[in-house]
Amino acid sequence: MSDETNDDSNDGTNDGTNDDMGGDDPGSRGEDDDRMRLIPRELARTRPWDLVVRFAFGAGVSALAGVVSLVAGPALGGVFLAFPAILLASLTLVAQSEGPRQAYAEARGSVFGTLGLAGFAVVTTVLAARWPVWATLVTAAATWVVFGLGSYLVSRVIVRRAGG
């Protein structure tokens, strides 16, 4: 499909509908299209202000974690470092610029990344004292990819079998 026939006018406004989510694609049944895809031209649509908001929110949460660490100790402060600071800012910006359906799709995808992060944490905890740092991080990163991507693929199979 050419850019001309599948362009949402790229003017930064959106009425909540999205041609990529079940529009006129062959075989479309009106459901959300949760296929993974990389669209480099979309990177150019990111406004500088959106990056500032994401950075500021992330920095604010990190600063909060630092203050909590000073006041209550590093164990409690570490809990705040796991806070998905960038996710909240990103979802807010996506909902404003691309609509709530796209924000929902991105939030759903973050669940799979979180599962991968949990795998990363477990592998790092178990191996950090036993293996060299580089081997621990490579193994933990591979675990993150396998858990994140694997959970996404499993969810697609389950949804298809359930008739959704």
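1. Basis. The model is predicted; local features need pLDDT of at least 70, side-chain atom pairs count only at pLDDT 80 or more, and totals for chains, interfaces and linings use all residues. Residues are numbered from 1 along each chain as its sequence is written, and side-chain values use heavy atoms, with hydrogens and water left out.

2. Aromatic pairs. The whole structure holds 2 aromatic pairs. Rings of Phe, Tyr and Trp (its six-membered ring) pair if their centres lie within 6.5 Å; planes under 30 degrees apart are stacked, over 60 edge-to-face, and the rest tilted. F112 and Y152 have ring centres 5.7 Å apart and planes at 75 degrees, so this pair is edge-to-face. The pair links distant parts of the chain, 40 residues apart: F112 belongs to helix α4 (residues 100-127) and Y152 to helix α5 (residues 133-161). Helices here are DSSP runs (H or I, at least four residues), numbered from the N terminus.

3. Burial of that pair. Buried means under 20% relative accessible area, exposed over 50%, and partly exposed in between, with a 1.4 Å probe and protein chains only. F112 is buried at 15%, and Y152 is buried at 9%.

4. Second pair. F120 and W144 are also edge-to-face, with 5.4 Å from centre to centre and 65 degrees between the planes. F120 in α4 and W144 in α5 are 24 residues apart, and this pair too links distant parts of the chain. W144 is partly exposed, its relative accessible area being 35%.

5. T143. This residue of helix α5 is buried, with 14% relative accessibility. Leaving aside neighbours within four places in sequence, T143 is in contact (heavy atoms within 4.5 Å) with G119, F120 and V123. T143 and T124 are 19 residues apart along the chain, and their C-alpha atoms are separated by 9.9 Å.

6. Helix α5 as a whole. The buried residues of α5 are A135, T136, A140, T143, G148, S151, Y152 and R156; they pack against α4. Just after α5, G163 has a positive phi of about 85 degrees.

7. A56. This residue lies in helix α1 (residues 48-72) and is partly exposed, at 46% relative accessible area. A56 and A89 are 33 residues apart in sequence, with 9.1 Å between their C-alpha atoms.

Terms used. Helix = DSSP H or I, 4+ residues; strand = E, 2+ residues; numbered from the N terminus.
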